[in-house]
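Morning, everyone. Let me put the model up, and then we'll walk through it piece by piece.

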Amino acid sequence: MKRLSRFRRHKAAGPLLLLFALFTIGTTFQIADATTTPALTAEARTAAIEEGKQLFLKGCSSCHGLNAEGGAIAPSLVGVGAASVDFQVGTGRMPMADMSTQAMRKKPVYNEEQVQALALYVASLAPGPEIPEAATLNYERDGSAAEGGELFRTNCAMCHNFAAQGGALTQGKYAPTLMGVEAKHIYEAMITGPQSMPVFSDKTITPQEKLSIIKWIKAAEAEPQLGGASLGRVGPVTEGLLVWTLGLGLLIGVAVWLATKAR
Amino acid sequence: MSMEIEAIKDPGLPAHVHRAADTDPKAAKKAERQVAILFLLSALGTILLISTFFFISEDTFIYLPVLGNTNAYQLFLGLGLAASLFFIGMGAIQWARTLMPDEEVVAERHEFRSPDEDRADFVATVKDRAGQAGLGRRSLIKRSLGLSLGLVGISPLLLLRDLGPLPKDDLTKTSWKAGTRLVTDPGDRPIRPEDLEVGAVAQTLPELASGEKRTLNNIGKDAVLLIRLRPEEFNLDAERLSWTHEGIIAFSKICSHMGCAVALYEQQTKHLLCPCHQSTFDVTRAAKVIFGPAARPLPQLAITIDADGYLVAKAPFTEPVGPSFWERSS
Amino acid sequence: MTARERIAGNVASYVDDRTGAAKWMKKNLTKVFPDHWSFMLGEIALYSFIILLLSGTFLTFWFDPSQREVVYEGGYAPLEGLKMSAAYASTLHISFEVRGGLLMRQIHHWAALIFMAAIVVHLLRVYFTGAFRKPREFNWIIGVGLLTLGIVEGFLGYSLPDDLLSGTGIRIAEAIIQALPLVGSYLAFFAFGGAFPGESFIPRIYTVHVLLLPGIFLALITVHLMLVWYQKHTQYPGPGRTEKNVVGYPLMPVYMAKAGGFFFIVFGITAFLGAVASINPIWLYGPYTPGQISAGSQPDWYMGWLDGLVRMSPPLETHAFGHTISWNILIPGLIVPGILFTGMALYPFIESWVTGDKREHHLLDRPRNAPNRTALGVMSLTFMIVALLNGGNDIIATNFHLTINQIMWFSRIAIFVLPPIAFIVTKRLCLSLQRADRDLVLHGRETGRLLRMPSGEFVEVHEPISPEKAWLLTQHEQNPPLALEEVDSRGVRRPGVIKNKIRARISKANAEAVPKVSVEDLKEIEHH
């Protein structure tokens, strides 16, 4: 019986699945849109780099330095590559609003085109990891969820938790949840190692294996509630909380009713 | 003063208050109906369970607020079972509350202590019988019994001997030998130094000789974490520095506290954190403990490269990996 | 006589003809049980135990307690083709292929959490009302034993599926065994049939989990209930309730219907949780291997305080003469819990030593009337809650934007500072409540109605309280502290002076109370 492997195709999967499908379509378009840039003509490319430079001077240079050489509070961006910029700016982490602990995911300040321009500019300073092309990100075709799960548990779960819900690091830093993160950004994070996250080299985790990891994350994200409310998928803490509140609450409620005299 | 002031006294059980159902036949009829409805709800619960079992496919999902996209089979099976049980209970209790007698009854307690006479008798009997056994006088019997009782406990302990082998050097030795290649976990691919960028990590295991099989016992001791830093970031003594290779440093991944996998590496602070008990280790200072309950650094594995340029162990671990034990010497 | 009653009568005589039980049955069918919601807490635990037996038996029909390596070929795609133990694969089979299997697994696990929670609240009720006093000390000790075994049984239970989380728990248990001085590594090797994780541990704990411990549970619960039955239930104080009687409802039919019905309620609510809330989704954790770990690896709640203590422990280890002693494991993992549970088991004897009270007690105390005991209870509870919170420090940190380091340091300090504060505050609070009781008896209830005196002064009208209420507020005993003379009647110093001094001091602190309303007080107020 392979009912669970079929659940995503089942027509009764409901509006959530539809939403997810819409989301995926949207995401795919975004990726496709984003990765058409390398096909730019040389002229357009120079123009974009120039635009990126202007954006950089206005929005980033106060911390990262006029030539992205870094400063007291921000690292050098020479050699971080386009992927790094696309991840940091594309997920809204940069420019950073709150310097206290770590850059948080928020609504991006720049639009798709501006992010590309910035990425091209930074990439023009020194070579670094490039933005993966949409064609190479076909994790549904090229990945294996089971293999991805094993890789995820060995390499990612210690920070991001067994179900990719995120977890605590030291001194208030945290590994964010991976729910709702675009495949492109997950991939970029693995190859660039943003903030606290280490780099996962293509030789130790091959590009195909990275796609497997993404496929597993997307499967975990799309997995419906097989046994009722998920309680956040963070383990026994919320389970204990539910027993002491709802569980004992209901039981003691009935016990109180049982012991009161009927009118 | 005319009125005598008295101590506050026990006024006794308050007068019984009748329930509506005790006096009003209409109310009694209503209570009866309520009980019946509760029992019927239980029956409906069972019907829900039966119809779920036969008519809802196991891969049906429905969207519900709070729960999300939920497996309908599991949900309705459970709700049916819950209702069928819960409402039997509610019915029975409502029946007891509204229709069964609710006059409070007073029962007397008896003291547990027996009457003095019986007790004296009992104590005398025990003394007498104990005397008859003569345990106090016959010290030879007493001592030999003590000896045999003491010894009999040894047999089960001895018979359990084959529960497991003796530890021998199992806790101190790992599979790492000089020249063992580090391979990726999972994947089993050897690694060259240039495969790792600065800031990269790799989860590794010792390479298997052909025909060898890796067991969980091996992984439990052999798992190693590779981390690449800039060489100038190290703050190591000369010996430990020589154990690294081009900024790549290798540590046992098995926590020196309680054995969880310490693989949570923060690239910026160069700290390793164990998610079980939050021991924090400073990679630049040979995994020195800087926070949490662990008392020892993670054992460092000396690494170098072999003729083909792959990373290998330069020497086995110089100390046992994993949690402490009595025979551990440092 | 209706036909039904006639049949019931015939059944009764049929049974008596064959057992001669008429006298015993007659006495016990009319046995009186006092009615109070807090007396149902122990029943929740009892019924959860029955639910655990039923649902557990269901699970054994498919569970394969083996660490033999298999390749998964079941229906859950994200694990397809992975190597795992047969135990894990069969748990997946129960969850996905056995109809109702996931429901039963969830009912079993929720019932275990409810079982432990009910034991704890039951224990708190018994403690704070003084129900453990003579003649019920044995039952208190059995209860503490059941709690301890429950923790072990629960741990073994969630360790059986051999998923990543439970394997991590076993790893930590192994480290605790291994940390024992002298015999640790030998014990660990015997328990695991060699090095960790081996292939023997799960089959072994399976036998303990489904046979040995449930057997001991059954025996202890039987004795626990027989003692309750024989000693009759305690009751709350109130008009008409004395040390010599018990006021309530007869077993047949009222209590039978209520208690029997309550079993179905507990089962129904557990099934409800099993239906609507996911618990231990093992398919997401993945199979256990020692090289993997998840962020936020926690034990179930009843072990959480232990984990919290281990987390906050300072990094202490002794290395001497070629040997290692891990204080960072032994103190939080064994020594502190050992002291706590021993102290708890011996508490009835400690209290009776302090008060010198050797009489039977069947009327419960109102917690405020035993300020020291109540304060000690709240103090212990505070200790446990701080430890428990630290056990979930990573989850708390991410949800409330704190740092694990802050929470850890808070816990390290709070575990020493908060319990004594809790003691002092609770004791003061109890004494204030006693004072409030006294005022209520002397001056009556504030009505909220203001009266203007001829002098222009406003006073609030007080209404006397009912005799029932007045009795409730004054029925308790207030015993003086033990008088332990240092010298006997002939002027010779008694032996054990220091012990007696300590005892007298504790006894004095224990007897601290706001004097309850006496006849003199009432007379005095009459004069005004």
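Start with chain C and its two domains. Eight residues of domain 1 of chain C are in contact with 11 residues of domain 2 of chain C. Contact here means that the C-beta atoms, placed from the backbone, lie within 7 Å. On the domain 1 side, four of the residues are nonpolar, three polar and one charged. For those classes, Ala, Val, Leu, Ile, Met, Phe, Trp, Tyr, Cys and Pro count as nonpolar, Asp, Glu, Lys and Arg as charged, and the others, Gly among them, as polar.

A word on ground rules. This is a predicted model, where local features need pLDDT of at least 70, side-chain atom pairs count only at pLDDT 80 or more, and totals for chains, interfaces and linings use all residues. Residues are numbered from 1 along each chain as its sequence is written, while chains are lettered from A and ligands numbered from 1 in the order in which they are written.

Back to chain C. Domain 1 covers 33-365 and domain 2 covers 426-527. Those bounds come from an automatic or database domain assignment. The C-alpha centres of the two domains of chain C are 42 Å apart.

Next, a helix pair in chain C. Helix H14 (residues 371-391) packs on helix H16 (residues 404-443) at about 160°, with the axes 8 Å apart. Helices (H or I, at least four residues) and strands (E, at least two) are DSSP runs, numbered from the N terminus. Axes are lines fitted to C-alpha atoms, for helices over the stretch in contact, and angles run from 0 to 180 degrees between N-to-C directions. So H14(C) is roughly antiparallel to H16(C). The cut-offs: under 35 degrees is roughly parallel, over 145 roughly antiparallel, 65 to 115 roughly perpendicular, and the rest oblique. The contact of H14(C) with H16(C) has 20 nonpolar residues, six polar and one charged.

Now compare a pair in chain A. Helix H2 (residues 42-59) of chain A meets helix H5 (residues 112-125) of chain A at about 95°, axes 7 Å apart. That makes H2(A) roughly perpendicular to H5(A). On H2(A), the contact residues include A:Ile49, A:Leu55 and A:Phe56. Facing them in H5(A) are residues including A:Leu118 and A:Tyr121. By class, this contact has eight nonpolar, four polar and three charged residues.

On to the interface of chains B and C. How many residues does the contact take from each chain? It takes 77 from chain B and 92 from chain C. On chain B, helix H3 (72-98), strand E3 (105-108), helix H7 (216-222) and strand E11 (288-291) each supply at least two residues to the side that touches chain C. H3(B) gives the most, with 16 residues. That side of chain B has 50 nonpolar, 15 polar and 12 charged residues.

E3(B) pairs with strand E4 (residues 245-250) of chain C, antiparallel, over four bridges. Two strands pair if DSSP finds at least two bridges between them. B:Val105 has C:Gly248 in E4(C) as its bridge partner. The open sheet has three strands in the order E3(B)-E4(C)-E1(C), with antiparallel pairing. E3 of chain B and strand E1 (32-33) of chain C are the edges, each with a single partner strand, so one side of each has no neighbour in the sheet. Helix H10 (residues 251-276) of chain C lies across E1 and E4 of chain C, at about 75° to E4(C).

Last, chain B itself. Its domain 1 is 20-98 and its domain 2 is 182-313. Their C-alpha centres lie 57 Å apart.

Chain B also has a hairpin. Strand E1 (residues 61-64) and strand E2 (residues 68-71) of chain B run antiparallel, joined by four bridges. B:Leu64 stands opposite B:Gly68 in E2(B). Three residues lie between the strands, and B:Val66 takes a positive phi near 70°.

Then a five-stranded open sheet, antiparallel, in the order E4-E5-E6-E7-E12 (chain B). Within chain B, strand E6 (residues 224-228) and strand E7 (residues 248-252) are joined by five bridges. B:Arg228 has B:Ile248 as its bridge partner in E7(B).

That's the tour. Over to you.
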